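Thanks for sending this one over. Here are my notes, written so that you can follow them with the model open beside you.

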Amino acid sequence: MSVDVVNFGCRLNAYEAEVIRRQAQAAGLGDAVVVNTCAVTAEAVRQSRQAIRKLKREHPDAPIVVTGCAAQTEPKTFAHMPEVALVLGNEEKISAQAWRQHRDVLARASFGVAAEEKIAVNDIMAVRETAAHLIDGLEGRSRAFVQVQNGCDHRCTFCIIPFGRGNSRSVPMGEAVAQVRRLCARGYREIVLTGVDLTSYGGNLMPHLHLSLQAGDDLILKRMKRRHSRADAMAFCEAVRRLRPDVVFGADIIAGFPTETEDMFARSLALVDECGLTHLHVFPFSPRPGTPAVRMPQVEREVIKDRARRLREKGEAALRRHLDAQVGRSHRVLTESRELGRTEHFTRARLATPMQPGIILDVTITAHDGRQLLAV
């Protein structure tokens, strides 16, 4: 008997997938498929629904449980899918007690259950604490994830995630340290601290920071209800580079937020160079029901697609410049598979000689292919 977890979305979800598997098995659940969803965009929700239908075709006898942020924010959407046996909220999914309480629903799934009976989603805003869940690592990964925080107290106008994760709460530092020590003792060479609204945990970090910039125009940032300005972003990057010159920045940027004009978009485009961004995550704006941004004047979809394309091209050019600068240099690489690893800057490197996953190598960069480094 086994519990298969199909994961979508962020690193926190990846961490929680291991907790889900352990708690479900501890509750006596077997031969089930759990879909841990993401709600960050409408496309993410669509992909989850598509995956559920495919999984049911591939595993017709296994009950399908849907959980994660999309299940928390729109449980009825999934409860009305005939392929779904149970919808669990984000807090319930990591509770063995919740899994035990709802075994009867799963047992009756093959006989047909009303949509409302499938839903086990409580008020996530009522959750005030989060505890560390000790796991032995993530299967098939060379780095380990440790959750130190969950939720968000801010209400950016485009973002649905606080309604999926609740308000901010932190894992006590002692528990987080104990988890890190446990994973290091098991041989993990790199630890990723993860959460929803994660702040700095000190100076022992790799020279790679991923920033939630979202836009480069001050009026758009204001309408997003972000808590920084364009000048703040540039000053932050400058200050960090002064303290650690080898740092590399990644960033999230949304293309086509409501009311965005071409001039406003141009300022986002220019921010890539002005902040010296290397790893760009581009999101075409996706209206999420229940957020204030839905009520704002929308940008045409074709314009959004074009701006996203231009941002991605800008990001690809920035990445190529970074890759060019690494050729001939020495790096330490953490292997993720036999042929692939990541440098200290989170830059992907292909290894000339297959190696065991989960080890740190000293390598020389000989070339790149525009997407990744080639290392010997």
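The numbered points below go through the model element by element.

1. **Ground rules.** This is a predicted model, in which local features need pLDDT of at least 70 and side-chain atom pairs count only at pLDDT 80 or more, while totals for chains, interfaces and linings use all residues. Residues are numbered from 1 along each chain as its sequence is written, and side-chain values use heavy atoms, with hydrogens and water left out.

2. **The parallel sheet.** Strands here are DSSP runs of E with at least two residues, helices are runs of H or I with at least four, and both are numbered from the N terminus. Two strands count as paired if DSSP finds at least two bridges between them.

3. **Strand S2 and its neighbours.** S1 and S2 pair in the parallel sense over 5 bridges, with Asp4 standing opposite Val33 in S2. On the S3 side, 5 bridges join S2 (residues 32-37) to S3 (residues 64-68), again running parallel. There, Val35 has Val66 of S3 as its bridge partner. Contact means heavy atoms within 4.5 Å.

4. **How covered is S2?** Of its 6 residues, 6 are buried. Ala32, Val34 and Asn36 lie on one side, with Val33, Val35 and Thr37 on the other, and both faces are covered. Buried means under 20% relative accessible area, exposed over 50%, and partly exposed in between (1.4 Å probe, protein chains only).

5. **Helix H10.** The 14 residues of H10 (residues 230-243) should span 20 Å at 1.5 Å a residue, and the end C-alpha atoms are 20 Å apart, which agrees. The expected span is 1.5 Å times one less than the number of residues. Buried in H10 are Arg230, Ala233, Cys237 and Val240. These residues cover an arc of only 105 degrees around the axis, so they sit on the same side of H10; the arc is that of the directions from the helix axis to the C-beta atoms. The face turned away from this buried side carries the exposed residues Glu238, Arg242 and Leu243. The cover over the buried residues includes strand S10 (208-214), helix H9 (218-224), strand S11 (248-255) and helix H11 (262-274).

6. **Backbone angles to look at.** Most residues other than glycine have a negative phi. Gln214 is not a glycine, yet its phi is positive, about 75 degrees. Gln214 is in strand S10 and, at 8% relative accessibility, counts as buried. Lys225 also has a positive phi, near 65 degrees, in a residue other than glycine. Lys225 lies in the loop between H9 and H10 and, at 49% relative accessibility, counts as partly exposed.

7. **Helix H12.** The 26 residues of H12 (residues 301-326) should span 38 Å at 1.5 Å a residue, and the end C-alpha atoms are 38 Å apart, in agreement. Among the buried residues of H12 are Ile304, Ala308, Leu311, Gly315 and Leu319. What covers the buried residues of H12 includes S11, H11, strand S12 (277-284) and strand S13 (330-335). Gly328, which follows H12, has a positive phi near 90 degrees.

8. Ala51 sits in helix H2 (residues 42-58) and counts as buried at 16% relative accessibility. Ala51 and Leu311 are 260 residues apart in sequence and 28 Å apart in space, C-alpha to C-alpha.
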